[in-house]
Amino acid sequence: MKIRENLAFAIKIIGIYRAVSLVGLLWITLLSISMPLLQSLMLVYTEKVGNSLAGGQANVIILLLFIQSVLYCSAQICMLANNMLENKLNLKYSLYLNTSLKEKLSKIKIHLLDDTETHNKIVTVRHIIPQIGVSLLSSILTLFQAILAILGMIYILRNLHFSILILLVLFSLANIFISNIFNKVQMNIYNTTSEDMRLKEYYSQLFFNRELMSESRMFQLHKFFLEKWKAVFWRVETPNVNLMNKRSVLASSIQISINLLQLIMLIILVNTSGSALSVGTFMLLTQAVLQIQGRANELVASLSHIHQTFMFLPLYFEVLNLPEEEQVQGEEFSGLKEGIVVSNLSFKYINSSSKILKDVTFSIKKGERVAIVGHNGSGKTTIVKCLLGLYDEFLEGSIYYDGLSISDYNKDTLRNKIAVLFQNYGKYPFSFKENVIIGDLKNIDNEELYNQALNSSNSRSIVNSLPNGSNTSLGPEFNKGIDMSGGQWQKTALARVYFRDADIVFLDEPTSAIDPISENEIYKHFFEITKGKTSIILTHRLGMCKWVDKIIVLDKGQIKEIGTHNELLNKESLYREMFLAQSEWYIAEQKITVVKTGQQL
Ligand SMILES: Nc1ncnc2c1ncn2[C@@H]1O[C@H](COP(=O)(O)OP(=O)(O)OP(=O)(O)O)[C@@H](O)[C@H]1O
């Protein structure tokens, strides 16, 4: 089973090498075969030169030396070409393998990223990618080279005492056995420390995360972070260092054994050949013994590396085979015609212990403006994620767009018609304009749309204040960029949403960081430009709910009430309770103003 599995992996890997560069693969194989052949030929000529030194003609000796030199230069040129090609292929394989991984991650089911195990696997695969690339290929080729070279030398040494060969075989077998043990230990270390490796990276980046820097200074957290980082540092590095030390002990022992082995082999040679040994043959034999030993070491090292890589390959292919979001070739979504219906929807995240949404039912007509409100953690964002089709297979109940279940639509066509502003939207270190136009990559040259988006999101004044206008780089980490305030970033993210020619708009807390005057402007624009579009806004600012057609109030994952602002305010409701609690602030403020100024209301 194991052999069959490994064979299947080998075929897949060869497929990858072929896909990346068939010509490169052929050349590097050719060069790898040429080098040991040239080395064997050089040995043959070493013997001839040595033998001709004893009484040979000068011109014959010169000719032999010349041929030997040509062979040496050819071997060097092959080695150079091989190294250069290897460097180039290294880049190509690394690009290919990393691209495959990134493409995969952009397609896997979102719920997998809620799982710690998936993160551990991904980080291990990222670490082993360099090993799978050219490094594996060069180990395979080194293995072939070593086998060819050893066969060539065995042929040259065919008349020698067989005990030399037995010694070599025994020595190599012991070496392979020990490497095998080390590889298993290494694999175990990777498996057991992958989560700590991620933690170590995370604690490291806390020291240069600009957004957290001020908090960390004010709370004087650096020592706390440092201690956490140090603890995890030792947990990750200690097993690796211990293994490295053991490997070093092994390497030194091998070097000492090689020396002893060479001595033993030369003693056997001298004893078996006695005085019949010519100078040339002695030179040939000593070099051959040295080379054969060197090659045997290469053979063991490459076998060990191949073995180690093959132990990791299942994990690599496991990550590449993680389930992807299903691309139903189903119905094309060309825009909402009737509305959205959510029917008895219940939902639970992969790692949550109880249901986050419980039997939720509501409907939204085309063109309606709906606000979803409720306490923190009541499930507002979760409903949106379900409506976006991010968690289809975990849903109980149904979500229909125009009467057809969300899972029957082609997801790309559905998402093309939806624009979303998430609570944790992206703040990209691109130019201001790029931060907006990534909202719809199909329209990146549409200046009119861009200008509309700036106006609707109240971002025009931001662009005017930036040193290079729309082309100003954002974020000081790159390209001497400019940082923006929280509210300016939020307006930019809103512009991104408006830039998308969407039919349905979801906004999750769109104005949480925006000043009241801008907020007012933004909502005015929003209601203007979303006329005819369906919009769903998640908010804690209940003042804006006066302007929507319907308010859905969530409580602990359940629908508590549905109605308009007036309907809900005029009866005992959670909405009324929340609205009054919020408006108390303004009423209290008014009283303060009255007291301060002595004016009458
Ligand atoms: N990926 C996740 N895995 C497990 N539980 C989650 C996940 N995301 C959210 N939750 C849990 O689901 C519940 C609802 O979260 P959700 O973000 O939907 O609330 P919300 O109403 O949008 O809250 P807020 O008003 O604070 O934004 C919370 O208890 C939260 O802990």
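This report describes the domains, nonpolar cores, strand pairing and ligand surroundings of a predicted model.

## Domains and their contact

The domain assignment divides the protein into domain 1 (13-320), domain 2 (334-417 + 503-523 + 530-601) and domain 3 (423-501). Taken over C-alpha atoms, the centres of domain 2 and domain 3 are separated by 25 Å, and the contact between these two domains takes eleven residues from domain 2 and nine residues from domain 3.

On the side of domain 2 that touches domain 3, β7 (504-508) and α16 (516-529) each supply at least two residues, and α16 provides the largest share, which amounts to three residues. By residue class, this side of domain 2 divides into five nonpolar, two polar and four charged residues.

## Nonpolar cores

The largest nonpolar core holds 65 residues, and those that touch the most other members are Ala371, Ile372, Val373, Ile418, Val497 and Ile551. Helix α15 (residues 486-499) makes the largest share of this core, with six residues.

When its neighbours within four places in sequence are left aside, Val497 is in contact with Ala419, Val420, Leu421, Gly439 and Val505. Another core lies apart from the largest one and consists of 25 residues, including Val134, Ile140, Leu313 and Tyr316.

Strand β8 (residues 534-538) is mostly covered, with five of its five residues buried. Thr534, Ile536 and Leu538 point one way from β8, whereas Ser535 and Ile537 point the other way, and the residues of both groups are buried.

Strand β8 has parallel pairings with two other strands that can be followed residue by residue: strand β3 (residues 369-374) pairs with β8 in the parallel sense over four bridges, and β7 pairs with β8, also in the parallel sense, over five bridges.

## The antiparallel sheet

Strands of a sheet pair through backbone hydrogen bonds, in either a parallel or an antiparallel arrangement. An open sheet of four strands, paired in the antiparallel sense, runs in the order β2-β1-β4-β5. Its edges are formed by β2 (357-365) and β5 (404-405), each of which pairs on one side only.

Inside this order, strand β1 (residues 339-347) and strand β4 (residues 396-401) are joined in the antiparallel sense over five bridges. Ile340 stands opposite Tyr401 in β4.

## Surroundings of the ligand

The ligand is surrounded by 13 residues, of which the closest are Tyr349, Asn376, Lys380, Thr381 and Thr382. Helix α10 (residues 380-387) gives the most to this shell, with three residues.

Sorted by class, the shell around the ligand contains two nonpolar, nine polar and two charged residues.

Technical notes
Residues are numbered from 1 along each chain as its sequence is written. This is a predicted model: local features need pLDDT of at least 70, side-chain atom pairs count only at pLDDT 80 or more; totals for chains, interfaces and linings use all residues. A nonpolar core is a set of buried Ala, Val, Leu, Ile, Met, Phe, Trp, Tyr and Cys residues joined through C-beta atoms within 7 Å. A residue is buried if 20 or more other C-beta atoms lie within 10 Å of its own, exposed if 12 or fewer, and partly exposed in between; C-beta atoms are placed from the backbone. Two residues are in contact if their C-beta atoms, placed from the backbone, lie within 7 Å. A residue is near a molecule or strand if its C-beta atom, placed from the backbone, lies within 6 Å of it. Ala, Val, Leu, Ile, Met, Phe, Trp, Tyr, Cys and Pro count as nonpolar, Asp, Glu, Lys and Arg as charged, and the others, Gly among them, as polar. Domain bounds come from an automatic or database domain assignment. Two strands pair if DSSP finds at least two bridges between them.
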